[in-house]
Every structure is written in C-alpha cells, then in structure tokens.
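Please examine the sequence and the three-dimensional structure shown here.

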Amino acid sequence: MSLRADKFDADAFLAEYWQKRPLLIKNPWQSWTNPIEPDELAGLACEQEVESRLVTGTYDALKVEHGPIPQTRFARLGKEPWTLLVQAVDHHVPSVAALLEPFRFIPNWRVDDVMVSYATDQGGVGAHYDQYDVFLIQGLGRRRWRLGPLCDASTELLPHEDLRLLAQFEGREEWVLEPGDILYVPPGIAHEGTAIGHDCMTYSIGFRAPSASELIEHWSEHLSETADDDRYGDPNLEAQANPGEISPAAIARLHEMVTEKLLDRDAFARWFGQYSSTPKYPDMDWRPEEPIGIAEVRERLAGGEPLCRNPASRFSFIRREGGSVSLFVDGECFDCTGKTSVLAEQLCAEDRMTIDPDICDAAIELIATLINQGSIAFESED
C-alpha cells in the first residue's frame, strides 16, 4: 500500500508533528482496502503462538481475557460491548505487513508491530496513554477518538491488573475516523477510542522507545556477563591514618574500572544492534528442514528467484569507518565489507529483493547463513 504525496509529506510530518502533537490524516491512501477480515483475525486469536486479548464490558468494569481465545468463546459473547486485540498480525498476514511500508521513513529498529483490534458497538479499551508513538489506521467501520492532555508517571491510574486506565479523563479534541483515515498520537497523550456501530477494525502501528533504566539494566547485564575477571589492585598502597576511610585514589580506580567498560561507545553500539534486533516473537520459524549450501544459493539466484524477509525478523545496520557496516539480524551481528556491505544495506531496506548471482562469495555465504537461521527465504518457499 502507498500514500498519496499530496495527502502526506513525511518530511513535513517529522518536522511539525512527530513527538510534538497529534495529527488526523483523512484517507491518504492511493486505494484503501481492509487488509484482513474479522473472521481471519478471530482465527489468529485462537492460535497458541499468537498474543491476543479479549476485552469485555464498559469503562468502569472492563475485563480482560488472555489468549489463545477458544473458538467457542466468540459464540458466547452477549450484547455487551467487546474488543478483540491481536498483536503482531503483520508477522502472519502479508497484507497487514504491507501497512508498514509507507512508514519506512522511521528507522527499522524503532518499529514494534501492527496490532489489530476488532470491536462491537461502543467497544474500546478505555482512556489511557502510551509511552510510544502510534499510528491508528481505521480499517473497517467507524471509531470515535477523544484526545486529552499529556500524561506522565505521576498521572493517576485506576487499579486494574491488565489495563492502564486513567482515573480522570477529559477529552479536548474529538475525531471520528472512517476507513482509510489515520490518526497519529505522540507518546504520553491521553486518548480513548470507542467503536461506532459493529464491525469496527483499527490497525495500530506502534514504535519502540527504550527507557534509560531499560538500557542501563540490559547493557550492564551484558557487560557483567562478558567482562574479564579484572580485579581491583593497589600495588602503591600507602598506610592510612584511619583504616575506615575509602581513599579518593581507591574511588578513582574503582570508578575507572566501571566506566571504562560502560563508556565504550563501539561496544555499546554493537550490543545495542544485537539487543534491538532480537525478535519479539521468535516462534515464527522459517529455518529450512535441510541447511542450504552456497552452491544452491548461487544457482537459485541465477534462476532469478527473489528473496524475502521473515516478517518476524528484525534487520538494522551501523556504518563503520572505511565503508564497512555491521549488520544486525535477529540478535546476531555480521561484519560486512565491500559488496557484502551493499547487500547488507539492501537487506535492511527491502522486504523482497532480487540479488545479482555474480556477487562475491562472502555475500553468498551471508545469504546462506540468514536462510539457515530463518531470517530470509526464497520466495517460492515463503
């Protein structure tokens, strides 16, 4: 799917709205078609490996059931409003994955997934705020969105085990979205969506925003697991007047032992590339039954077979000095030079690609490795 240039300008959006203020974009698509039918979405919610939730009731008494949802449960739903939420539908339905293409001006590592919701009349998940950016695309039916003030960690929430419901909510802006309309909501902005009529479907494209505490925790954990067993030493120790004092020299050395590793920017970049590319849902296994060899890869490329990425896989890269790049795929790092660097960038930019069979052996080896770890596949085997 693609957006009309006269309806949406990515550069203008980033400059004027991204993480600044909400924006309603009235049906900017070249041609809008709802990517998945309600019955197919319900079928996904019944599967063990798919994360899903069923929210029933009204705002003051919302109940959440976690998937897999038994197929018979849908037949027993009464007349009260209900909403079905299914995570990472883009991993399972190519037409839903295609919704991400118009938003590729945002880096791969920031993309989370496409959550799809189906709601009956008056269905919703209550007033809340997210800690990340989100594009809300109306797929089917109509939904009323009310937007409120900016929230933060001090904002009062209602007690609820599964939902972050605002204790107080006053809508300041209100829009009714129809099929194809898009609402962008920045992090922290309170919002509430309510279905108007039955068969209301919304596609939520969410983005990751790691917190400082999360980065510190996982970076430090990585360092502790990989650090050398370097111990404190003081060969120039001098007698102290008071043995209870921790001397400035000792503090300086101890601090140096910690910060030397923590402040290693290249090591942090490599770790973050691997950390941020680790799949959220690793159960979508594309590994071939039999490992593919270099000769077969080259032969199939010569036959013009396109490659495609596993939609559950994550690809990103970091440029290095001298034109080389570090490619990160599903938590693994591949250092690439020359024509292999060109291939690495292409893998990050395109979901489907045709590769020149005359590329270097190192590039062919990289393709074979990625196929064997289930990150890419020849399209005929998708």
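Alanine 88 is located in the loop that runs between β4 and α4 (94-97). The structure is a predicted model, and in it the phi of alanine 88 is near 50°, a positive value in a residue that is not glycine. Most residues other than glycine have a negative phi, and most peptide bonds are trans. Is alanine 88 buried or exposed? Because its relative accessibility is 3% and the limit for burial is under 20%, alanine 88 counts as buried.

Aspartate 330 also has a positive phi, of about 50°, although it is not a glycine. This aspartate 330 belongs to the loop joining β12 (325-329) and β13 (332-336). With a relative accessible area of 17%, aspartate 330 is buried. A further feature of the backbone concerns the peptide bond from glycine 67 to proline 68, which is cis, with omega near 5°. Proline 68 is found in the loop between β3 (63-66) and α3.

The interior may be considered next. In soluble globular proteins, nonpolar side chains tend to be buried together. The largest nonpolar core here has 41 residues, of which Ile36, Leu84 and Phe135 touch the most other members. Two or more residues of this core come from each of β1 (23-25), α2 (38-45), β4 (82-86), β5 (111-119), β6 (134-150), β8 (182-185) and β9 (189-207). Which residues are in contact with phenylalanine 135, its neighbours within four places in sequence left aside? They are Phe13, Trp18, Phe103, Ile106, Ile182, Leu183, Tyr184, Tyr203, Ser204, Ile205 and Phe207.

An α-helix has 3.6 residues a turn, so residues three or four places apart point the same way.

Lysine 339 and serine 324 are separated by 15 residues in sequence and by 9.5 Å in space, C-alpha to C-alpha.

Notes:
Residues are numbered from 1 along each chain as its sequence is written. This is a predicted model: local features need pLDDT of at least 70, side-chain atom pairs count only at pLDDT 80 or more; totals for chains, interfaces and linings use all residues. Side-chain values use heavy atoms; hydrogens and water are left out. A nonpolar core is a set of buried Ala, Val, Leu, Ile, Met, Phe, Trp, Tyr and Cys residues joined through side-chain atoms within 4.5 Å. Buried means under 20% relative accessible area, exposed over 50%, partly exposed in between (1.4 Å probe, protein chains only). Helices (H or I, at least four residues) and strands (E, at least two) are DSSP runs, numbered from the N terminus. Contact means heavy atoms within 4.5 Å.
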